[in-house]
Amino acid sequence: MAAPPLPLAERTAIVTGASRGIGRAIAIHLASLGANIVVNYSSNSTQAELVATEINSSSSPSRAITVHADVSNPEDIKALFDRAEEEFKTKPHILVNSAGVIDASYSSLPTTSLQIWDDLFSINARGSFLCCREAANRLVRGGGGRIITLTSSQVALLQPGFGAYAASKAAVEAMIKVMAKELKGSGITANCVAPGPIATDMFFSVKSEETVKAVVGDCPMGRLGETKDVAPVVGFLATDAAEWVNGQVVRVNGGTV
């Protein structure tokens, strides 16, 4: 008996910020579901190529390419979608916007510099807007179109030191809820996945050992999240099985909030 087709077979997924961390795990997981992957990166071409090589050397029929793009640059985002169409000879079905930055100084709002505020909103909010706007106009219509943005459980936690970061992610959650309604009749859904603390290089690079222990202590599951906890949630939202999930924020944080 032939194996059933993979749920994302013959579909193309663009994953921004896919060279490492959560984005990397998402790209690899979507490939395991059959999607062809556009591995976007902004600075780390070596890591992006490693992700593509892992996908292309797997037993999955999926293929992967790497494309450099700054998500805050509209010309780069147009070129990112152009490259996806040129390579895979079809309009993409899926956008996963995983690119994002954090304020590593954890400034309180009264001490947050305008530069930090602008940097966070440039990538997290403006970047999400540009990616989602392009996707809304260029994804396949009539069924299977998926816009998925990575936000943060900090929007619900509202911890001191995360004011500017949480604000930049809250803007994206509001935008996606509106966009889901504006895409009525297109067959494209729009949702957010909002992880809690995830054990990535970025997380550990700005956290002391005591802070890590405190974060673990706050989680009912008694551990940090891992990228493998997030990727399958994104994978589900990308499939036809998630057609009835639209305009939602899915918080993936082990019960922290």
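Visitor: How many helices and strands does the protein have?
Guide: There are nine helices and seven strands; helices (H or I, at least four residues) and strands (E, at least two) are DSSP runs, numbered from the N terminus. This is a predicted model, where local features need pLDDT of at least 70, side-chain atom pairs count only at pLDDT 80 or more, and totals for chains, interfaces and linings use all residues. Residues are numbered from 1 along each chain as its sequence is written, and side-chain values use heavy atoms, leaving out hydrogens and water.

Visitor: How do you know whether the radius of gyration agrees with that of a compact globule?
Guide: The radius is taken over C-alpha atoms, and the globule rule is 2.2 Å times the number of residues to the power 0.38. For 257 residues a compact globule would have a value near 18 Å, and the protein has 18 Å, so the two agree.

Visitor: Why is Phe162 called buried?
Guide: Buried means under 20% relative accessible area, exposed over 50%, and partly exposed in between (1.4 Å probe, protein chains only). Phe162 has 12%, so Phe162 is buried. Across the protein, 48% of the 257 residues count as buried.

Visitor: Where does Phe162 lie, and which residues is Phe162 in contact with, leaving aside its neighbours within four places in sequence?
Guide: Phe162 sits in the loop between helix H5 (154-157) and helix H6 (163-182). Contact means heavy atoms within 4.5 Å, and beyond those neighbours Phe162 is in contact with Ile102, Tyr106 and Gln154.
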